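Visitor: Can you walk me through this one? I'd like to start with the overall layout.

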Amino acid sequence: MGAVVLFDGVCNFCNASVNFVIERDPAGYFKFGALQSEAGRSIASSHGIPLANGQTEAGHLSPIDSVILVEDGKVFTYSTAALRIAKRLSGAWSLLYGLIVVPKPIRDYFYRLFAKHRYRLFGKKDECMLPSMEVRTRFL
């Protein structure tokens with residue numbers, strides 16, 4: 001059936017990560033949508049995911065501006081999303097899923113620390129990336 005990965009479309013690291021996943025997902029299990037896109041905002045809204053730019057109202061939930069995985073109708077965020085994505089990748093990358101045994105608060109602390117500084121470390125674009133013709137069908 002597949003899963004949807006929502007990502008920060010202006011983040012250079014996030015764009016590189018999407019390309020990394022595409023290269024290691026030959027079956028095309030993952031589809032992709034930028035959080036800034038209409039499709040991304042629509043999916044986030046339909047799952048009650050509050051986005052950092054205020055596009056979605058969800059009360060007590062913290063806004064999210066990082067990777068979101070929607071798989072089998074369930075929403076995964078932060079380190080859990082990243083590890084569940086890694087689990088489906090070809091090669092030894094799936095072994096990273098073993099880190100799921102690390103308590104979520106610890107995993108998420110380090111994930112959020114990195115995410116907080118990703119623009120400073122890798123930069124950002126003024127607009128979302130334009131996928132190549134070969135992979136365009138994998139984008140929402």
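Visitor: In what order do the elements of the chain run from the N terminus on?

Guide: The order is β-α-β-α-β-β-α-α-α. The chain has 5 helices and 4 strands, where helices (H or I, at least four residues) and strands (E, at least two) are DSSP runs numbered from the N terminus. This is a predicted model, in which local features need pLDDT of at least 70 and side-chain atom pairs count only at pLDDT 80 or more, while totals for chains, interfaces and linings use all residues. Residues are numbered from 1 along each chain as its sequence is written, and side-chain values use heavy atoms, with hydrogens and water left out.

Visitor: How much of the chain counts as buried?

Guide: Of its 140 residues, 41%. Buried means under 20% relative accessible area, exposed over 50%, and partly exposed in between (1.4 Å probe, protein chains only).

Visitor: What does the accessible surface come to?

Guide: About 8,100 Å², and 59% of that belongs to carbon and sulfur atoms. Accessible areas come from the Shrake-Rupley method with a 1.4 Å probe, and for residues only the protein chains shown count as cover.

Visitor: And contacts: what share join residues at least 24 apart?

Guide: 63%, among contacts between residues at least 6 apart in sequence. A contact means heavy atoms within 4.5 Å.

Visitor: Let's go to D25. Where does D25 lie?

Guide: D25 is in the loop between α1 (12–23) and β2 (30–34). With a relative accessibility of 2%, D25 counts as buried. Leaving out residues up to four places away in sequence, D25 touches F30 and R138. D25 and L89 are 5.6 Å apart, C-alpha to C-alpha, although 64 residues apart in sequence.

Visitor: Which residue forms a salt bridge with D25?

Guide: R138, with the closest N and O atoms 2.4 Å apart. That pair links distant parts of the chain, since R138 is in the segment after α5 and D25 in the loop between α1 and β2, 113 residues apart. R138 counts as buried at 9% relative accessibility. The term salt bridge here needs a side-chain nitrogen of Lys or Arg within 4 Å of a carboxyl oxygen of Asp or Glu.

Visitor: How many salt bridges does the whole structure hold?

Guide: The search finds 6. One of them joins R88 and E71, with the closest N and O atoms 3.8 Å apart. R88 lies in the loop between α3 and α4 and E71 in strand β3, so this pair ties together parts 17 residues apart in sequence. Salt bridges with shared partners join E71, R84 and R88 into one network.

Visitor: Within that pair, is E71 buried or exposed?

Guide: E71 is buried, at 4% relative accessible area. R88 is partly exposed, at 44%.

Visitor: What about R24, which residue does R24 form a salt bridge with?

Guide: E23, at 3.2 Å between the closest N and O atoms. R24 also lies over the face of F20, 3.7 Å from the ring centre. For a charge over a ring, NZ of Lys or CZ of Arg must be within 6 Å of the ring centre and within 35 degrees of the ring normal. R112 lies over the face of Y78 in this way, at 3.9 Å from the ring centre.

Visitor: Back to Y78, then. What is phi of Y78?

Guide: Phi is near 55°, a positive value in a residue other than glycine. Most residues other than glycine have a negative phi. Y78 is in helix α3 (residues 78–87) and is buried, with a relative accessible area of 11%. D72 also has a positive phi, about 55°, but D72 counts as exposed, at 54% relative accessibility. D72 sits in the loop between β3 (68–71) and β4 (74–77).

Visitor: Now the rings. How many aromatic pairs does the structure hold?

Guide: 9. Rings of Phe, Tyr and Trp (its six-membered ring) pair if their centres lie within 6.5 Å; planes under 30 degrees apart count as stacked, over 60 as edge-to-face and the rest as tilted. F7 and F139 form an edge-to-face pair, 6.4 Å centre to centre with 75° between the planes. Both F7 and F139 are buried. Ring pairs link F7, F32 and F139 into a cluster.

Visitor: And which residues make the nonpolar surface patch?

Guide: I106, Y109, F110 and L113, covering about 420 Å². Patches are made of residues with over 30% relative accessible area and no salt bridge, like charges being joined within 9 Å and nonpolar side chains (Val, Leu, Ile, Met, Phe, Trp, Tyr) within 5 Å. I106 is in helix α4 (residues 104–116) and is partly exposed, at 43%. Y109 and F110 are both exposed.
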